[in-house]
Amino acid sequence: MSNEINAGSMADIAFLLLIFFLVTTTIASDKGILNILPPKQDPNVPPPDIKVNERNIFNILINANDDLLVEGEYRRTPEGLDQDIKDFILNFGAPDEEAVALFNSLPASIQAKALRRPESSDNPGEAVISIKTNRGTSYELYLEVFDMAKKAYFEIYAERVGLSADEYRALTDDDEASKMLQDKGKAGIPMAISIAEPDKIGGN
Amino acid sequence: MAKFVKKPKPLPAVSTASLPDIVFMLLFFFMVTTVLREQDLLVEQKIPQASQLQKLQNKTLISYLFVGKPKNTGLYGSEPRIQANDVLITAPDIVQWVNQERDLLAESDRGLITISMKVDKDVKMGPVSDVQTELRNADARRVLYASTTKVNR
């Protein structure tokens, strides 16, 4: 005769709890694309009149039919947009002294991408990506285009410090080493993605 | 000569003694990862996909806004609505809601409040930009467009 307690029903109890947690669980996902909105405009102060050369702005318009107009050129899908944005940022059409120093600090693989077209951006510090939508544009497409613009910047940053884009995005500013890498990637190439107020077309 | 008759031995039963251990292991995994739903979703949520996702370090700074078509279209109509906490609100209420959420944070963190916008795929930019305008008015300018990882084609 054994004095052991019968533990056979333990599994049943555990299963019951397991099923409860399986059903109620939602694995939390706090992932997303971070965007910093511009500050509120004071209605009494007119918006500052900033002069930016047309060539330094990469215009992306998305209408209510989800068609794109990229730099005056019609497109059906945003495919390949990330590559165009990258070419635009790294164009170095008319670099000033500072930009020449920046250019010389870049690795050769990025330097090779400088197309030096006069109609494209002067230097990465000046380049601005502008996304303008209608009120009727679908959020999904807007996010896809925004994602592409972010991708272009992250790939440049990552290539500069010799990481893959995924690794670069995973960097946190918790420890010194990764913070340094982060800053090194960003230095001189600010992420300038401007989101214009949507037009009142095709929405409500 | 005696015949050796092999007595058929009863097959030893598979030991199930380790079963509870395995189940407990799974149980603990789900207990740790689980977040009990704090709020019922009143709007549809099909989160769009994107590739350039970033994870936020400090979860306490995040407040959630849900935007989408109401599930109960009979009661709330079929136009996209904004849900904060447990109720549907209109765009002008957002400023007040942000201030309430901000008051819950430690004083040093109040400037860092991040709004995670969980917007349904089928919503148009109109409602989204209305929310963003109000967030600008409330000076809560860090916005996270919640999205799931895109599987590369």
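The entries below follow the order in which I looked things up.

**Entry 1: the model.** I note at the outset that this is a predicted model, and I read everything below with that in mind.

**Entry 2: chain B as a whole.** I looked up the secondary structure of chain B and found 4 helices and 8 strands, which follow one another from the N terminus as α-β-β-β-α-β-β-α-β-α-β-β. I then asked myself why chain B counts as more spread out than a compact globule. Its radius of gyration is 26 Å, whereas the globule rule gives 15 Å for 153 residues, so chain B is well over that value and more spread out than a compact globule. I also wrote down the extent of the C-alpha trace of chain B along its principal axes, which is about 105 × 40 × 35 Å.

Entry 3: Which strands form the open sheet of 7, and in what order do they stand? I read the order as 2(B)-1(A)-7(B)-6(B)-3(B)-4(B)-5(B), with mixed pairing, and the edges are strand 2 (54–55) and strand 5 (87–89) of chain B, each of which pairs on one side only. Strand 1 of chain A runs antiparallel to strand 7 (residues 142–146) of chain B, and 5 bridges join the two; here I found A:N35 standing opposite B:V143. Within chain B, strand 3 (residues 62–68) and strand 6 (residues 114–119) run parallel and are joined by 6 bridges, with B:S63 having B:I115 as its bridge partner. As a reminder to myself, strands of a sheet pair through backbone hydrogen bonds, either parallel or antiparallel. I also noted that helix 4 (residues 125–137) of chain B lies across strands 3, 4, 6 and 7 of chain B, running at about 150 degrees to strand 3.

**Entry 4: the sheet of chain A.** I found 5 strands of chain A in an open sheet, in the order 4-3-2-5-6 and with mixed pairing. Its edge strands are strand 4 (73–75) and strand 6 (193–195), and the twist from one strand to the next averages 20 degrees. Strand 2 (residues 57–62) and strand 5 (residues 128–133) of chain A pair in the parallel sense over 6 bridges, and A:I62 has A:T133 as its bridge partner.

**Entry 5: where the chains touch.** How many residues does each chain bring to the contact? Chain A gives 47 residues and chain B gives 46 residues. On the side of chain A, the elements giving two or more residues are helix 1 (8–24), strand 1 (31–36) and helix 5, and helix 1 has the largest share with 9 residues. I sorted this side of chain A by type and got 22 nonpolar, 14 polar and 11 charged residues.

**Entry 6: the core.** The largest nonpolar core holds 54 residues, and those that touch the most other members are A:I85, A:A149, B:V67 and B:M117. Helix 5 (residues 139–161) of chain A supplies the largest share of this core, with 12 residues. Leaving out residues up to four places away in sequence, I found that A:A149 touches A:I85, A:I129, A:I131 and A:I193. In soluble globular proteins, nonpolar side chains tend to be buried together.

Conventions:
Residues numbered from 1 in each chain as written. Chains lettered and ligands numbered in written order. Predicted model: local features only at pLDDT ≥ 70, side-chain atom pairs only at ≥ 80, totals over all residues. Core = buried A, V, L, I, M, F, W, Y, C linked by C-beta atoms within 7 Å. Buried ≥ 20, exposed ≤ 12 C-beta atoms within 10 Å, placed from the backbone. Contact = placed C-beta atoms within 7 Å. Rg over C-alpha atoms; globule rule 2.2 N^0.38 Å. Nonpolar A, V, L, I, M, F, W, Y, C, P; charged D, E, K, R; others polar. Pairing = 2+ DSSP bridges. Axes fitted to C-alpha atoms, helices over the stretch in contact; angles between N-to-C directions.
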